[in-house]
Amino acid sequence: MDDSHGSTRRPVNSARALELLKEGNQRYVLGDSQSVSATPEVRHTLAAEGQSPFAAILGCADSRVPPEIIFDAGIGGLFVVRTAGNTADAIATGSVEFAVERLHVRLIVVLGHQDCGAVTAAVSGGTDSPNMAAIVAEIQPSLDEAREAEAEPTICKYEDANIRHTVSKLKGSPLLAQRVQDGSLKIVGSKYDLKTGEVCFWD
């Protein structure tokens with residue numbers, strides 16, 4: 001089985017991991033997905049050998065943006081953390097750190113998307129729910145950044161700023177920053193087009 005699936009035991013370097021994501025997304029865009037989701041053979045192998053994902057994805061919880069599908073990665077290929085608005089609170093960041101520290105993942109991708117409901121809610125003023133307000137609070141700094149750059153940002157600009165902010169927060173983690181500095185880890189942003197299915201990566 002190729003190195004886009006979780007049965008491989010060898011860590012995949014960041015450059016190869018990014019290639020695998022781009023190749024998988026291209027297959028998905030063209031309607032030529034090839035991953036085997038959960039055959040008994042794959043399940044048994046993963047159960048016996050443990051997981052060895054080739055990349056970690058911190059993405060939005062939006063039901064239209066499932067990383068395993070849009071990257072044609074299948075079961076075991078990706079370590080996925082999903083939060084509304086692809087935010088990086090302590091739990092999400094700790095989860096990504098676990099993938100790097102314990103599973104030897106060498107690429108982290110922050111995956112945002114068009115028409116993000118969490119960003120739109122934050123722009124409009126949030127919610128009365130204290131738990132949802134915590135999400136808005138995580139997004140707020142990116143809104144401030146977008147407004148500093150231009151007087152009346154579009155929702156697209158707010159979304160982009162939010163992706164950049166999450167990347168910056170992850171790079172601020174001492175554990176992750178050390179690995180970025182020594183070249184063993186790469187953290188990139190990306191954005192998913194809901195209509196075309198294409199993911200644009202930001203280096």
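Student: What makes residues 4-8 a region to treat with caution?

Tutor: This is a predicted model, and pLDDT stays under 50 over residues 4-8. The model has 22 contacts beyond four places in sequence for residues 4-8. Where pLDDT is low, the predicted coordinates should not be read in detail. For the protein chain, the average pLDDT is 93, and 94% of the residues score at least 70.

Student: Why is strand S4 described as largely enclosed?

Tutor: Strand S4 covers residues 186-192, and six of its seven residues are buried, so the rest of the structure largely encloses the strand.

Student: What makes S4 a partner of strand S3 and of strand S5?

Tutor: Pairing requires at least two bridges between the strands. Seven bridges connect S4 with S3 (residues 107-113) in the parallel sense, and Tyr-192 of S4 is the bridge partner of His-113. Four bridges connect S4 with S5 (residues 199-202), and these strands run antiparallel; Gly-189 stands opposite Trp-202 there. S4 and S5 also form a hairpin with six residues between them, and Gly-197 in the turn has a positive phi of about 85°.

Student: Why is the contact between Asp-72 and Arg-27 called a salt bridge?

Tutor: The criterion is a side-chain nitrogen of Lys or Arg within 4 Å of a carboxyl oxygen of Asp or Glu. The N to O distance for Asp-72 and Arg-27 is 2.5 Å, so the pair qualifies. The two residues are 45 residues apart: Asp-72 lies in the loop between helix H3 (67-70) and strand S2 (78-83), whereas Arg-27 lies in helix H1 (residues 14-29). Asp-72 is buried, with a relative accessible area of 2%.

Student: How do you know that Arg-64 and Asp-115 form a salt bridge?

Tutor: Their N to O distance is 3.6 Å, which is within 4 Å, so the pair qualifies. Arg-64 is in the loop between strand S1 (55-60) and H3, and Asp-115 is in the loop between S3 and helix H5 (117-124), 51 residues apart. Both are partly exposed: Arg-64 has 39% relative accessibility, and Asp-115 has 49%.

Student: What makes Glu-145 and Arg-164 a link between parts of the chain?

Tutor: Their closest N and O atoms are 3.5 Å apart, and they form a salt bridge. Glu-145 lies in helix H6 (residues 130-149) and Arg-164 in helix H7 (residues 155-171), so the pair ties together parts 19 residues apart in sequence. Glu-145 counts as partly exposed at 33%, as does Arg-164 at 42%.

Student: How many salt bridges does a search of the whole structure find?

Tutor: The search finds eleven salt bridges.

Conventions:
Residues numbered from 1 in each chain as written. Predicted model: local features only at pLDDT ≥ 70, side-chain atom pairs only at ≥ 80, totals over all residues. Heavy atoms only, no water. Buried < 20%, exposed > 50% of the residue type's maximum accessible area, 1.4 Å probe, protein only. pLDDT = per-residue confidence, 0-100. Contact = heavy atoms within 4.5 Å.
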